[in-house]
Amino acid sequence: MALIQLQSSILKHNKHLQFPSFSTIPHQRSTILRISAVSPNAQQLIQSGKVRPVLPKEAGTAMEGEGYILLDIRPEWEREKACVSGSLHVPLFLKDMDNSPITLLKKWVHFGYIGLWTGQNFTMINDEFVKQVEQKIPDKDNAKVLVACGEGLRSLMAISKLHEGEYRNLAWLAGGFNRASDSDFPAVEGTEKLQYATIGGVSYYFLQLLILLQAVGKES
């Protein structure tokens with residue numbers, strides 16, 4: 001029941017946001033439809049109330065009024081484009097530096113069919129993720145941690161790992177930064193809008209062109 005209410009809230013919230021629509025960009029697909037596939041355990045944690053879902057429009061209040069620490073788990077190249085000022089950063093995924101023949105072949109295929117469009121790097125799980133979070137947030141019982149990523153999927157995986165690591169005051173940024181508006185957070189650093197930091201490759205230039213056309217349309 002809680003997850004159904006969350007789905008309704010996110011969909012209602014999204015109606016007020018103006019996002020470019022690219023049917024072929026994976027990052028623009030519905031987050032809610034893939035929660036179960038990405039992390040069934042995280043879904044159970046949300047349904048049971050052990051993890052609190054927080055919409056982007058509620059994040060600023062949760063941080064400033066309730067003392068939540070924003071934990072950004074995106075890879076470094078996404079965070080460099082835009083990040084919330086004062087947030088902590090521990091990446092759940094790292095760039096895959098394996099250059100074996102099989103991996104290089106996979107990367108070539110990925111670049112030809114996916115990477116060229118999305119601009120995404122090949123990644124591998126950060127095995128030290130929980131340990132690195134422990135170094136920055138040692139108080140597992142009392143610290144309130146709001147876990148966030150681009151579209152809310154990787155953060156679900158991170159929440160599962162952190163809960164297994166005995167963190168007990170976890171919250172999830174529902175829909176991720178992609179569903180945030182300019183006024184949802186007190187301050188944002190970087191050269192891009194927070195909503196678009198996940199998008200890369202050729203799709204990024206199509207996005208910039210669309211934004212330019214929208215701006216021209218408003219002025220005319």
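This is a predicted model: local features need pLDDT of at least 70, side-chain atom pairs count only at pLDDT 80 or more; totals for chains, interfaces and linings use all residues.
The protein chain contains nine helices and nine strands, and of its 220 residues 45% count as buried. Among contacts between residues at least 6 apart in sequence, 75% join residues at least 24 apart. The accessible surface of the chain amounts to about 11700 Å², with 56% of that area belonging to carbon and sulfur atoms.

The largest nonpolar core comprises 26 residues, of which Ile73, Phe129, Val133, Val147, Leu162 and Leu170 touch the most other members. At least two residues of this core are supplied by each of helix H3 (40-48), helix H7 (129-136), strand E7 (145-148), helix H8 (154-164) and strand E8 (170-173), and the largest share, four residues, comes from H8.

For Leu170, when neighbours within four places in sequence are left aside, the residues in contact are Lys50, Val51, Arg52, Val145, Val147, Ile159, Leu162 and His163. Two of these partners, Val147 and Leu162, are themselves listed with Leu170 among the residues that touch the most other members of the largest core.

In helix H3, the buried residues are Ala42, Gln43, Leu45 and Ile46. These four lie on the same side of H3, because the arc that they cover around the axis is only 160°. Such an arrangement can be read against the geometry of an α-helix, which has 3.6 residues a turn, so that residues three or four places apart point the same way. After H3 comes Gly49, which has a positive phi, near 90°.

Methods
Residues are numbered from 1 along each chain as its sequence is written. Side-chain values use heavy atoms; hydrogens and water are left out. A nonpolar core is a set of buried Ala, Val, Leu, Ile, Met, Phe, Trp, Tyr and Cys residues joined through side-chain atoms within 4.5 Å. Buried means under 20% relative accessible area, exposed over 50%, partly exposed in between (1.4 Å probe, protein chains only). Contact means heavy atoms within 4.5 Å. The arc is that of the directions from the helix axis to the C-beta atoms. Accessible areas come from the Shrake-Rupley method with a 1.4 Å probe; for residues, only the protein chains shown count as cover.
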